[in-house]
Amino acid sequence: MDDSSKSSEPRECSSPLLSTEILQAYHHGNDGVACEEKRQKETWSVPAILILTTLVAVSGSYVFGSAIGYSSPAQNGIMNDLNLGVAEYSVFGSILTIGAMIGAIISGRIADYAGRRAAMGFSEVFCILGWLAIAFSKVGWWLYVGRFLVGCGMGLLSYVVPVYVAEVTPKNLRGGFTTVHQLMICCGVSLTYLIGSFLNWRILALIGTIPCLVQLLGLFFIPESPRWLAKFGHWERSESVLQRLRGKNADVSQEATEIRDFTEALQTETEATIFGLFQLQYLKSLTVGVGLMILQQFGGVNGIAFYASSIFISAGFSGSIGMIAMVAVQIPMTALGVLLMDKSALCRFLLREHP
């Protein structure tokens, strides 16, 4: 290659899904050919089992979204059929978040001790029982119990699904695959709005069990997380699962070594407590992370999601048309976010390293 083909400026690779090593190739001034050679070595063909595994996992994300989207289209039907007032129905809507808080608190322990697949299975049992309790409710109390159980399952799913997807995917595809979690939540909310505009609330609750059953049955056909297996000393099984997820012709020795080294280093450390988060060194990160979550909640997004139909009716619009309009906006915008996630991360890195 002659000198005229070299440039001090970093050249763009063809794929937005770049690993740290490729970005380091940019940083050290390598030309585009070196970057492309590394990209070809790092980029895995995507085996069917990896796609299946991800789809089964994000079925739980759809369940999450359908739980959020249920209360809006079901409001008028439930209030009329069970003679509930606004205050009573508000309890039904909000008790979901109480169950989700409890589920989220115990999610880490369950996922760590029982395994990622078992945690997803537990969550779907909660959700199925909850949806059935709602569908066959004759009084308000059964509605509350069902909604609470769905919330508990939702809280478990909110933790274990993105963790599992991140642990089974290769690092150069991890960003794109994990953002499918958010896309499926949006699809669950949006399609529940859409279907609920035309169906009775009891039928809508029964439909809510379908993605739960899809994930529950699918768990029998997908492997456990190789990182979780390594954590409990199942090294051979961990490497075997890793080979299955990457394809029979892929060289997984380096990734298996990285998992082993990380696991062994983690086991030498003392177990952290929640009070360890409040050290001065974590103050900035904790403030940003928790602050964003608080601001999101105070923005009223859950209130809009839970009661979208009545909000549109109060504003003088058709509830059904309003929810369909929300669907038309939500899904494309979330899909766009999934496509841009890795590209935006790459741009931030390059701007920081090459101002």
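Analyst: Let's start with the bend: helix α4 has a kink of about 40 degrees, centred on Ile106. Keep in mind that this is a predicted model. The helix has 28 residues, and from its first C-alpha to its last it reaches 42 Å, close to the 40 Å expected at 1.5 Å a residue.

The buried residues in α4 include Tyr89, Phe92, Gly93, Ile95 and Leu96. Further along α4, Gly99, Ala100, Gly103, Ser107, Gly108 and Ala111 are buried as well.

The UniProt record, an unreviewed entry, puts one of its "transmembrane region" features at residues 89-106. In the model that stretch is 100% helix and 0% strand, with its end C-alpha atoms 27 Å apart. Another span with that label in the record is 201-222. There the chain is 82% helix and 0% strand, and the end C-alpha atoms lie 33 Å apart.

Now for the pairing. Side chains of opposite charge can pair when their charged atoms come close. Which residues does Asp112 pair with? One partner is Arg116, with the closest N and O atoms 3.0 Å apart in the salt bridge. The other is Lys231, where the closest N and O atoms of the salt bridge are 3.7 Å apart. Asp112 sits in helix α4 (residues 86-113) and Lys231 in helix α9 (residues 226-231), so this pair ties together parts that are 119 residues apart in sequence.

The structure holds five salt bridges. Another of them is a meeting of the Arg246 and Glu255 side chains, at 2.8 Å from N to O. Both Arg246 and Glu255 are buried.

A kink of about 60 degrees is centred on Ala74. α3 is mostly covered, with 26 of its 34 residues buried. Just after α3 comes Asn83, which takes a positive phi of about 55 degrees.

Last, a spot out on the surface. Val329, Met333, Leu336, Leu339 and Leu340 make up a nonpolar patch there, with about 500 Å² of accessible area together. Val329 belongs to helix α15 (residues 319-353), and Val329 counts as exposed because its relative accessibility is 52% and the cut-off is over 50%. The UniProt record has a "transmembrane region" at residues 320-341.

Terms used
Residues numbered from 1 in each chain as written. Predicted model: local features only at pLDDT ≥ 70, side-chain atom pairs only at ≥ 80, totals over all residues. Heavy atoms only, no water. Patch = residues over 30% accessible without salt bridge, like charges linked within 9 Å, V, L, I, M, F, W, Y side chains within 5 Å. Areas by Shrake-Rupley, 256 points an atom, 1.4 Å probe, with all protein chains shown as cover. Salt bridge = Lys/Arg side-chain N within 4 Å of Asp/Glu carboxyl O. Helix = DSSP H or I, 4+ residues; strand = E, 2+ residues; numbered from the N terminus. Buried < 20%, exposed > 50% of the residue type's maximum accessible area, 1.4 Å probe, protein only. Bend = angle between axes of the 7 residues up to and from the residue. UniProt positions renumbered as here; feature names shortened; annotations may be inferred. Expected span 1.5 Å × (residues − 1).
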